[in-house]
Amino acid sequence: YGLVGSEMCIRDRIYVSIHDAACELMPCEAFVITLLDEEEKFINGAYLIDRGGRSEQIKIPLGEGMSGRVIETGLPVLVQDVLRETNFDGEHFGHQDEVRSLVAVPFSVGDKVIGMLSAQSYKPAQYGPEELELLELLAAQAGVAIENARLLTRMEHMANTDGLTGLRNRRAYDQILGDELTRARRYGYPLSLVIMDIDDFKQFNDRYGHSKGDEHLAEISRLTRTSVRDQDIVARVGGEEFGVILPHTSREGAAEFAERIRRSIEQAFKGKFGVGGTVSLGVAEYPLSLIHISEPT
């Protein structure tokens, strides 16, 4: 549900489309897509595939390997036979056989090189100037598609994120809760919900000011977020109200979690504020907490 998961789903579809297009144009017994990390701290081996299947993503230090060379210089690489290339700095992956020939090109957004495409073969002399030109044309489209995916997922993230706390907002919370209820109903596992409210928050704002109130909200959000599992969802659902969705969790487990959060927040603010340093929480479990309301007769 987060930015990374959403973006990876979109990017994977793009990677497969790029790979399929390349296979129509040239030998592609192996195919590589690498991307410069958005913070430019490393190169991500995002799509590594050969006849042995898809390999796990890897992180490549900046400037290292063939990807580092292509991304740093912005220049293509054409190798007719890896075994005869004395200064070849590529890295073997995937299938037990060694790649013998390859073509690699950078792709850009504007003037900025952001990644590399590489078609590779287990036979020597499979690529020439024509394949290089075709892959460069494909790379131009790849750069646009991948950057559009980045922009789209950023927009989705902004639409589903509370700007103050960085948590999911009410819109995202409602959608995720609906999806989780559907899954819990289908697969028969417990789903619990914790609703949390900051005590006397209006008085806190009146006494300490709204700027301090925003800091207080952000800190309580941080304390809550660091207490949940990876699969749990924390959202700001109102001014000083938070919701925590706990899949595969019974009401008893949710109550233990809620008590742990209550104590953590109380301890963090003990003696600091006259009001607003505590929270109240409620717990419900699906399907045990369902209440059926009938129309009046």
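The questions and answers below concern this predicted model.

Q: How many disulfides does the model contain, given where the sulfurs of Cys 23 and Cys 28 lie?
A: A disulfide needs a pair of cysteine sulfur atoms within 2.5 Å. The cysteine sulfur nearest to that of Cys 23 belongs to Cys 28 and is 4.1 Å away, and Cys 23 is in no disulfide. Cys 28 is likewise in no disulfide, its nearest cysteine sulfur being that of Cys 23. The count by this rule is 0 disulfides.

Q: Is Cys 28 buried or exposed?
A: The cut-off for a buried residue is under 20% relative accessible area. Cys 23, with a relative accessible area of 37%, is partly exposed. Cys 28 has a relative accessibility of 14%, and therefore counts as buried.

Q: Which strands pair with strand E6, and over how many bridges?
A: Strand E5, residues 77–79, runs antiparallel to E6 and is joined to it by 3 bridges, with Leu 78 standing opposite Val 103 of E6. Strand E7, residues 112–121, also pairs with E6 in the antiparallel sense, and there Val 105 has Leu 117 as its bridge partner.

Q: Which residue takes a positive phi in the hairpin of E6 and E7?
A: The hairpin leaves 2 residues between its strands. The residue with a positive phi, near 65°, is Gly 110.

Q: Which strands and residues surround helix H2, and which of its own residues are buried?
A: The buried residues of H2 pack against strands E1, E2, E4, E5, E6 and E7. Of these strands, E6 is itself mostly covered, with 7 of its 9 residues buried. After H2 comes Gly 74, which has a positive phi near 75°. Within the helix, which spans residues 65–73, the buried residues are Met 66, Ser 67, Gly 68, Val 70 and Ile 71.

Q: Which residues does Glu 147 touch, not counting residues up to four places away in sequence?
A: Glu 147 lies in helix H3, residues 129–159, and counts as buried because its relative accessibility is 17%. Val 109 is 38 residues from Glu 147 in sequence, yet the two C-alpha atoms are 7.1 Å apart in space. With residues up to four places away left out, Glu 147 touches Val 109 and Arg 154.

Q: Which strands are the edge strands of the open sheet of 4 strands?
A: The 4 strands stand in the order E9-E10-E8-E11, with antiparallel pairing, and the twist averages 15° from one strand to the next. Strand E8, residues 191–198, is joined to E11 by 8 bridges, and Ser 192 stands opposite Glu 285 in E11. An edge strand pairs on one side only, and the two that do so are E9 and E11.

Conventions: Residues numbered from 1 in each chain as written. Predicted model: local features only at pLDDT ≥ 70, side-chain atom pairs only at ≥ 80, totals over all residues. Heavy atoms only, no water. Buried < 20%, exposed > 50% of the residue type's maximum accessible area, 1.4 Å probe, protein only. Pairing = 2+ DSSP bridges. Axes fitted to C-alpha atoms, helices over the stretch in contact; angles between N-to-C directions. Contact = heavy atoms within 4.5 Å.
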